Every structure is written in C-alpha cells, then in structure tokens.
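Here is a short briefing to read alongside the model. Take a moment with the fold before going through the points below.

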Amino acid sequence: MKVVVTGGHGQLGRSLVRRAGGAGQDLVAVGRDLLDVADPAAVAAQLDRLAPAAVINAAAYTAVDRAEHDRGAAFAVNAVGAGHLARACAARGIALLHVSTDHVFDGRATRPYLEDDAVAPLGVYGASKAAGEVAVLAAGGTVVRTSWLFAEGGRGFVPAIVRAALAGERLRVVADRHGCPTWSDDLAEALLSLAARPAPAGVYHYAGDGATTWHGLAVAIVEELQAHHGLAPTAVEPIPSAAWGSIAPRPAYAVLDTARIRALGVVPGGWRRAIGRVVTRATAAAGPRRDHSSEP
Ligand SMILES: NC(=O)c1ccc[n+]([C@@H]2O[C@H](COP(=O)([O-])OP(=O)(O)OC[C@H]3O[C@@H](n4cnc5c(N)ncnc54)[C@H](OP(=O)(O)O)[C@@H]3O)[C@@H](O)[C@H]2O)c1
C-alpha cells in the first residue's frame with residue numbers, strides 16, 4: 001500500500017521516512033519543490049502521478065511567531081493548501097491524514113482537551129491550522145492533532161537545549177506552559193498505522209504520554225546529558241512565558257486527551273522514555289563536547 005507524505009523534508013516528514021523504511025513500507029516523501037500544497041495544479045499532478053492509497057499531510061507553515069506578521073502565507077499553506085489537498089484526495093478516493101496542533105485551543109482548560117472541545121486559537125498560526133481542520137473534515141479527511149513535537153535534528157527544542165548545555169550557556173526555560181512532548185518518530189509510527197487501515201473519520205489526538213512543562217522537558221534533557229554524556233551538574237532556571245518574549249500568544253495548557261486514538265489500538269509512547277535516545281542522537285550531531293569546567 002503506497003503512502004505519500006507531503007512536507008517530506010520537515011521534522012515529521014523525516015520521521016515518517018525513517019519509520020516506513022524500518023518497516024519496509026512503501027512511502028514516498030515529497031517536498032514543497034515537487035508538491036506545493038498551496039498550488040492546486042501541483043497537488044493534482046503529483047497525486048495522479050504517484051497514485052497513493054493514502055496521503056499524510058506533514059506540510060505546514062510552522063513559524064508560530066512569524067505567522068503573526070505573515071497571515072497570508074500561514075493561511076495559504078495551513079488552511080487553503082490543506083483544503084486543496086483534502087479535496088484532491090477525496091476526488092481520487094485517496095485517504096488523507098492531516099496533522100494539526102494543540103494551538104487550535106486557547107489553553108484555558110483545566111482538564112485534558114477532548115477532540116470535540118471548541119477550538120479558540122490565540123494566534124494566527126493556530127487560526128490557520130483550525131481553518132485547515134475545517135477544510136479537511138469537510139472533504140472527508142482525518143485530522144490528527146499533536147503537540148510539542150521533538151526530534152534530534154533541525155531547529156527543534158531538544159537540539160537547542162543540548163547545544164546550549166554542552167556549550168555551558170545559561171539555561172532559562174519557560175515553566176508556566178503545560179503540554180505533552182511527542183517524539184516525532186512515535187507520531188510517525190501512529191500515522192503509518194492509521195494509514196494502513198480503513199480511514200477513521202473525524203479528529204484524533206495523539207500526544208506523548210505524560211504532561212510536563214518546557215522547563216520539565218529541559219530538565220529531563222539535562223539529566224540525560226549528565227547521566228550519559230558527561231555533562232557537569234547544570235541548573236535549568238524556570239522562567240515565566242512573559243520573560244521569554246515570544247511574539248505569538250501560545251496556549252498555557254495544551255494537554256491533549258488521547259482516549260479516542262487509544263480505542264483504535266494506537267497507544268502513545270511516553271516522552272520520557274524517548275528522550276534518552278533523542279538526546280544521544282542530538283549530542284552526536286552537536287559534535288565533540290566543549291569542556292567549560294576549567295573556565296573562570
Ligand atoms: N513542531 C511542533 O512542535 C508541532 C506541534 C504540533 C503540531 N505540529 C504539526 O505537525 C506537522 C509537522 O510539523 P513539523 O514539526 O514537521 O514542521 P516542519 O519541520 O516545519 O516541517 C514542515 C514542512 O512543510 C513544508 N512546507 C511548508 N510549506 C509548504 C507548502 N506550501 N507545500 C508543501 N510543503 C510545505 C516545509 O518546507 P520548507 O522547509 O521548505 O518550508 C517543511 O519541510 C505540522 O502540521 C504542524 O503544524 C507541529
């Protein structure tokens with residue numbers, strides 16, 4: 001069964017390639033150069049050429065802060081583009097799994113968000129993703145919301161903390177936002193498992209097991225570096241979001257309830273279990289450790 005991944009060069013796209021390769025699954029990952037979701041002609045041409053049984057849409061405008069000043073570009077990809085893809089898939093009988101985000105919620109909940117809770121995005125990125133969900137659902141696609149994706153590479157949180165800790169930089173991390181870190185490879189495996197069965201309609205939440213804060217995640221990364229990579233005891237200073245100075249507002253509470261996807265037999269992995277492996281890979285990618293212990 002052939003699966004096509006859009007946004008194939010992104011964080012999730014790379015995880016999908018890795019996981020499908022490991023499982024011997026027939027997966028074709030295409031980047032924006034071949035399939036720009038905002039271009040209906042490119043979408044149609046590539047779906048006709050590749051003729052997959054399912055598409056996983058990992059393409060997105062993900063620059064949360066930049067989106068505040070770049071509304072048109074965010075909506076072109078996350079809302080209009082998602083709609084083009086969903087309708088083109090529907091017209092060809094191709095199942096679509098579309099990835100969305102906890103940013104569709106306002107973060108004022110006091111219990112984990114259910115799939116059917118009202119969306120109320122705080123920022124432009126969340127609004128564009130919420131509009132994309134509507135377009136995908138209208139065309140019969142499936143929406144899988146996730147949160148706090150992490151992997152070893154790129155501009156992500158784990159490599160940033162690894163690099164800063166190994167360089168002896170002061171670590172100041174937001175401690176008043178709560179969510180569920182999700183290993184990108186775990187999400188990839190879940191999406192591949194959903195793609196291989198009759199399309200479950202509607203919205204699903206998939207997020208790593210266990211809630212924490214960004215500070216809690218940074219502490220776990222530092223613990224791994226200390227336990228396995230020779231990092232000297234290193235403090236992680238908790239700070240409020242206001243002290244970080246993000247441009248876009250973000251949900252303070254972004255914990256997603258995952259009972260619905262669990263009922264399909266798709267059980268989210270624990271983020272704490274995954275972090276050791278990801279830190280090891282990020283450390284290798286960061287190169288030889290600079291030892292700051294002898295500096296004044
Ligand atoms: N990262 C998170 O913490 C997080 C949390 C919750 C949900 N999500 C969702 O998870 C999904 C995957 O995110 P990610 O972390 O893998 O993001 P990512 O690393 O930014 O990857 C997104 C990919 O989409 C591509 N893209 C952008 N515009 C496109 C277009 N018009 N047509 C085709 N491809 C396009 C990007 O290519 P360029 O590099 O060329 O722009 C990039 O390769 C997204 O739907 C995101 O909203 C992410």
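Two residues are in contact if their C-beta atoms, placed from the backbone, lie within 7 Å. By that rule, and leaving aside neighbours within four places in sequence, Leu16 is in contact with Val5, Leu27, Ala29, Ile56, Ala58, Ala188, Leu191 and Leu192. Please keep in mind that this is a predicted model.

**Overall shape**

- The chain has eleven helices and twelve strands as its secondary structure.
- A compact globule of 296 residues would have a radius of gyration near 19 Å, and the chain agrees because its own value is 19 Å.
- Buried residues make up 50% of the 296 in the chain.
- Among contacts with a separation of 6 or more, 82% are between residues 24 or more positions apart.

**The nonpolar core**

- The largest nonpolar core holds 91 residues, and Leu16, Ile56, Leu191 and Ile221 have the most contacts inside it.
- Helix H4 (residues 71-92) gives this core its largest share, nine residues.
- Two of the partners of Leu16, namely Ile56 and Leu191, are also on the list of residues with the most contacts inside the core.

**Strand E1 and its partners**

- In strand E1 (residues 3-6), Val3 and Val5 point one way while Val4 and Thr6 point the other way, and all of them are buried.
- E1 runs parallel to E2, joined by four bridges, and Val4 stands opposite Val28 in E2.
- A right-handed β-α-β unit is made by E1, helix H1 (residues 11-23) and E2.
- E1 also pairs with strand E3 (residues 54-57), again in the parallel sense and over four bridges; here Val5 is opposite Ile56.

- Strand E5 (residues 142-146) is largely enclosed by the rest of the structure, because five of its five residues are buried.
- Both faces of E5 are covered, with Thr142, Val144 and Thr146 buried on one side and Val143 and Arg145 buried on the other.
- Strand E4 (residues 95-101) pairs with E5 in the parallel sense over five bridges, and Leu97 stands opposite Thr142.
- From E4 the chain crosses through helix H5 (residues 124-138) to E5, in a right-handed β-α-β crossover.
- Strand E10 (residues 202-205) runs parallel to E5 and is joined to it by four bridges.
- Thr142 stands opposite Gly202 in E10.

**Helix H8**

- The 15 residues of helix H8 (residues 214-228) should span 21 Å at 1.5 Å a residue, and the distance between its end C-alpha atoms, 21 Å, agrees.
- Its buried residues are Trp214, Gly216, Leu217, Ala218, Val219, Ala220, Ile221, Val222, Glu224 and Leu225.
- The cover over these buried residues includes helix H6 (157-166), strand E7 (171-174), strand E11 (212-213), strand E12 (236-239) and helix H11 (271-286).
- Ile221, buried in H8, is one of the residues with the most contacts inside the largest nonpolar core.
- After H8 comes Gly230, which has a positive phi, near 70°.

**An exposed loop residue**

- Asp33 sits in the loop between strand E2 (27-30) and helix H2 (40-50).
- Asp33 counts as exposed because 8 other C-beta atoms lie within 10 Å, and the cut-off for exposed is 12 or fewer.
- Asp33 and Gly7 lie 26 residues apart in sequence, with their C-alpha atoms 9.5 Å apart in space.

Technical notes: Residues are numbered from 1 along each chain as its sequence is written. This is a predicted model: local features need pLDDT of at least 70, side-chain atom pairs count only at pLDDT 80 or more; totals for chains, interfaces and linings use all residues. Helices (H or I, at least four residues) and strands (E, at least two) are DSSP runs, numbered from the N terminus. The radius of gyration is taken over C-alpha atoms; the globule rule is 2.2 Å times the number of residues to the power 0.38. A residue is buried if 20 or more other C-beta atoms lie within 10 Å of its own, exposed if 12 or fewer, and partly exposed in between; C-beta atoms are placed from the backbone. Two strands pair if DSSP finds at least two bridges between them. A crossover is right-handed if, with the strands pointing away from the viewer, the path from the first strand over the helix to the second runs clockwise. The expected span of a helix is 1.5 Å times one less than its number of residues. A nonpolar core is a set of buried Ala, Val, Leu, Ile, Met, Phe, Trp, Tyr and Cys residues joined through C-beta atoms within 7 Å.
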